[in-house]
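Welcome, and please bring the model up in your viewer.

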Amino acid sequence: LGLLDLWAVAIPETSVQLKEALRLCDRWREATHELTAEEWRADEERPWEEGEFKDDSMSLLSNRLQEIFSLRAEHDELLRLLSAEERSSMDVSSCFVPFRNIEVLHYSSYAQPAWQAAKEAYDRAVQPLQQLVTNKLRRQVFASAANRPLQVLQDLRRFQGLLGRPSVARELTVERESLLAQLSSYIDRIRDEFDRKTGAYGGDNELDKDG
């Protein structure tokens with residue numbers, strides 16, 4: 001993973017590598033728990049007498065990997081809403097420059113300020129792109145919520161990470177609340193229709209019984 005350019009390699013390959021690294025982190029935590037909290041304690045000859053071993057450094061690494069994965073996934077969602085011309089004119093490849101200037105897999109408390117500063121620099125660099133795609137989502141997706149709320153909800157699932165970014169969620173507050181209202185209204189209509197039909201069938205059955 002250390003040999004992979006996490007900010008340049010295509011998202012499919014990056015995702016595979018990051019998911020595998022996260023899986024290994026999880027397996028390490030599981031293994032240390034099984035050994036120090038269960039198996040070694042049960043050893044009659046030389047039982048483990050210390051408390052359960054918890055590898056804090058592994059947890060920190062796992063958290064960092066998850067952050068990188070989320071950043072890449074959200075950025076990919078953003079790019080999917082941009083045309084090739086927009087990507088070129090807005091120089092989207094430069095957004096990750098802040099991360100290329102630091103060792104992103106160094107996760108000590110000493111390295112945390114540099115990581116935080118890189119994230120803040122990235123947020124500033126990506127802000128114009130987010131504004132553009134927010135307007136696109138407003139016009140191209142949310143605008144049809146009144147007529148097809150379920151389809152809009154399905155369309156938005158492709159951009160869950162992007163919609164979870166605070167600035168994007170804040171910009172689309174009105175649209176999200178409107179969609180929720182449309183979905184609630186749609187569910188009410190379906191429920192009323194179901195009750196009407198099942199009530200009608202029930203009435204027919206009662207008539208049949210009386211006959």
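Start by colouring the chain by accessibility: of its 211 residues, 32% count as buried. Keep in mind as you look around that this is a predicted model.

Next, switch to a cartoon of the whole chain. You will find 9 helices and 0 strands, so the pattern along the sequence reads α-α-α-α-α-α-α-α-α. The radius of gyration is 26 Å, well over the 17 Å that the globule rule gives for 211 residues, so the chain is more spread out than a compact globule. Turn the view to the principal axes, along which the C-alpha atoms fill a box of roughly 80 × 65 × 25 Å. If you draw the contacts between residues at least 6 apart in sequence, 70% of them join residues at least 24 apart.

Now select residues 56-80, helix α2, together with residues 112-140, helix α5. How far apart are their axes, and at what angle do the two helices pack? The axes lie 11 Å apart and the angle is about 15 degrees. Angles under 35 degrees count as roughly parallel, which is why α2 is described as roughly parallel to α5. The crossing of α2 past α5 is left-handed.

Show side chains at this contact. On α2, pick Arg-64, Glu-67, Ile-68, Leu-71, His-75 and Leu-78. Facing them on α5, pick Gln-112, Trp-115, Lys-119, Tyr-122, Val-126, Leu-129, Gln-130 and Val-133. Colour this set by residue type, and it divides into 8 nonpolar, 3 polar and 3 charged residues.

Note on methods. Residues numbered from 1 in each chain as written. Heavy atoms only, no water. Axes fitted to C-alpha atoms, helices over the stretch in contact; angles between N-to-C directions. Helix = DSSP H or I, 4+ residues; strand = E, 2+ residues; numbered from the N terminus. Parallel < 35°, antiparallel > 145°, perpendicular 65-115°, else oblique. Left-handed = near helix turned anticlockwise from the far one by under 90°. Contact = heavy atoms within 4.5 Å. Nonpolar A, V, L, I, M, F, W, Y, C, P; charged D, E, K, R; others polar. Rg over C-alpha atoms; globule rule 2.2 N^0.38 Å. Buried < 20%, exposed > 50% of the residue type's maximum accessible area, 1.4 Å probe, protein only.
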